[in-house]
Amino acid sequence: MKKTLAAALTLACGFGSLVSSDAAAAQKKSVAPPAKPRLDVNKPEDVIAIDRRTSCSTEDGKEALYWWKGNVYSRIPGEKDRLLFGVHGMNFRTCKSFSDPKRGPGYRSVSREMLIYVDKDTGEVLRKWKNPWTGEEVDVLHVANDPVSMREPTYAYAADGTPRTLRGDIKDGWVLGGGGAARLFYTNPLGGDYQDHIGGTYHAMEFGTDAAKLDDLTDPDTTWVKDRVLTWVRVSKWLPWMKMGGRIGVVVFHTAGLRLESFDEMPAVVKTEIRSNWPVFQSAPPPDDTRPSMTSWDQFKRWKGEKRD
């Protein structure tokens, strides 16, 4: 009996040591690796990564899609502003990595961009539009710019060594961007050779605001930021297809939008129009696309030339 009890105790003790040993090994194996540090909004190399996540993705070739919607208004001195038509916008883009021994990591984005004009009452895509000032019915030309791309890569440090800083202000866990403007002033492709002498230079301003969660921007395990909302405002001369001639005034675009996960999330009216008439705009250009960017005025010039032919 004593031998049996002793043997049992020995076996139990041995089994217990095995269990303890196995548990210790399992515990050792299950210890999680140390968490990666969050991106530092004060470090230029991290700021360029944050900017890239909001623009596209840190993965080369991964596509990003932005969509926005709003209205287009007229502004003529001495006249009440008019709602002219609605608009949907979309931009399909992707990025490619670059590196410079002095300027650090960088990237360049390439994209295709559309503005689709819709009836202000029905929301249907416009093919014709009656000019309320001239009474003429004109053909509508939607914006289909392919491509719209960075001229050159952007880096963590500027060419003069200036470090990149976070674009926006941090408030209550959000990064809010705004206050800047794209001040466009360049030779008008629809003008002649003497625009410096008689006028006609292309002149417009574009304003954008955006908001994204700080935790999403600085998460070391994410490659792109989903929950990003934006507004886009544009003030420019009359659209050339409106046939306003030399009439004084401007158009004002006012829109709001967000980043989508796929083309299927686009509004039905936009998906149908693009699939039917602009199928190439269902994806971004290849990351190494080196074509010069296109403007809506370039597109109009080409369109009028094709109509004459």
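Predicted model: local features only at pLDDT ≥ 70, side-chain atom pairs only at ≥ 80, totals over all residues.
1. Basis. Local features need pLDDT of at least 70 and side-chain atom pairs count only at pLDDT 80 or more, while totals for chains, interfaces and linings use all residues. Residues are numbered from 1 along each chain as its sequence is written, and side-chain values use heavy atoms, with hydrogens and water left out.

2. Helix H2. Helices (H or I, at least four residues) and strands (E, at least two) are DSSP runs, numbered from the N terminus. Of its 12 residues, 10 are buried, so H2 is largely enclosed by the rest of the structure. Buried means under 20% relative accessible area, exposed over 50%, and partly exposed in between (1.4 Å probe, protein chains only). Among the buried residues are Val47, Ile48 and Ile50, but also Asp46, Asp51, Arg52 and Arg53.

3. Nonpolar cores. A nonpolar core is a set of buried Ala, Val, Leu, Ile, Met, Phe, Trp, Tyr and Cys residues joined through side-chain atoms within 4.5 Å. The largest has 29 residues, and those touching the most other members are Phe85, Tyr117, Trp129, Leu239, Trp241, Met242 and Phe253. Elements giving two or more residues to this core include strand S2 (83-100), strand S3 (104-118) and helix H6 (296-308). A second, separate core of 16 residues includes Ile116 and Met266.

4. Salt bridges. The whole structure holds 17 salt bridges, each a side-chain nitrogen of Lys or Arg within 4 Å of a carboxyl oxygen of Asp or Glu. In the Glu273–Arg127 bridge, the closest N and O atoms are 2.6 Å apart. This pair links helix H5 (residues 268-277) to the loop between S3 and strand S4 (128-130), 146 residues apart. Glu273 is buried at 3% relative accessibility, whereas Arg127 is partly exposed at 45%.

5. Salt-bridge network. Arg112, Asp146, Asp289 and Arg291 are linked in a network of salt bridges. Within it, Arg291 and Asp289 have their closest N and O atoms 2.7 Å apart. Asp289 is buried at 8%; Arg291 is partly exposed at 35%.

6. Ala181. This residue is in the loop between strand S9 (174-177) and strand S10 (182-186). Beyond its neighbours within four places in sequence, Ala181 is in contact (heavy atoms within 4.5 Å) with Met205, Glu206 and Phe207.
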